[in-house]
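Open the model in your viewer and keep the selection panel at hand. We will go from one residue out to the whole chain.

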Amino acid sequence: MSGIARSVLVTGAAQGIGRGIALQLAKDGFNVTVADLARQESKAAVVVKEIEKLGVKSHFVPTDTSKKSQIVNAVEETYSKFGSFNAIVNNAGICQIKPLLEATKEEADIIYDININGVMYGIQAAANKFLELKQPGKIINACSIVAHKAFPILGLYSASKFAVRGLTQVAAQELAPKKITVNSYCPGIVLTPMWDLIDEKLAEVNNVPKGEPIKKYLDTIALGRGETPDDVAGLVSFLASEKSDYMTGQNLLVDGGMFLI
């Protein structure tokens, strides 16, 4: 592997936090597989071009993370395309805004298939490839502040992120003897379309003007501003680097000081 550039697979990388992470890792020198749903191909193509302008290689692999075979394929495509595979960022996820008493099994199945099973499949696919290659590796999962303190009206989403926190801790313990580290990043109020939707739905549920719910949360941030994808990407950059080699099983808050634990 000497002389071969490091490579990373980032799921949900066509937009938002995933795009920010993919671009940061490209700046760090990683070749990047941009994985996202097939319908996101046009957005993903823009991200691939942005990455290539940074002087590294990139390509798009259509991936539904709720399907294990597709994540396994994305891992194999990464190795086949770049000749290396060093890290995975299990970033893809969805949110659901609804009072818990109104949530249905069908809604739970959808969010758990992506937010929980998708992370589990990513852990499995990456770890198995690292073991096959007989090398260390980095597994980095998308968690959330709601995995440390659940938010009302975000019951299924909160539960899914508590599960990611548990998967991260278990995988870290099981894979440590193989020099594979597993950590997660826990963003706060990231000003992306997802939080625009959360704000809109929370306003409807609580019968308040749009913008009021997100302002309520923003007012609790010690650093006094909402979060950007770049804020999250900085932490992921650290977790993907050798600087975090002695860290595993951690679910790290990057929330501007909303929660102090």
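Leaving aside neighbours within four places in sequence, which residues is Leu25 in contact with? Select Leu25 and look around: Val8, Val10, Phe30, Val89, Val236, Ser237 and Ala240 are in contact with Leu25 (contact means heavy atoms within 4.5 Å).

A note on what you see. This is a predicted model, where local features need pLDDT of at least 70, side-chain atom pairs count only at pLDDT 80 or more, and totals for chains, interfaces and linings use all residues. Residues are numbered from 1 along each chain as its sequence is written, and side-chain values use heavy atoms, with hydrogens and water left out.

Next, select Ile21, Leu25, Val32, Val34, Ile51, Val89 and Tyr185. These have the most contacts inside the largest nonpolar core, a set of 32 residues. Such a core consists of buried Ala, Val, Leu, Ile, Met, Phe, Trp, Tyr and Cys residues joined through side-chain atoms within 4.5 Å; buried means under 20% relative accessible area (1.4 Å probe, protein chains only).

Helices (H or I, at least four residues) and strands (E, at least two) are DSSP runs, numbered from the N terminus.

Then move to Leu9, Phe85, Val164 and Cys186. They belong to a second, separate core of 25 residues.

Finally, zoom out. The protein chain has 8 helices and 7 strands. Its C-alpha trace spans about 60 × 40 × 35 Å along the principal axes. Buried residues make up 51% of the 261.

Key:
Buried < 20%, exposed > 50% of the residue type's maximum accessible area, 1.4 Å probe, protein only.
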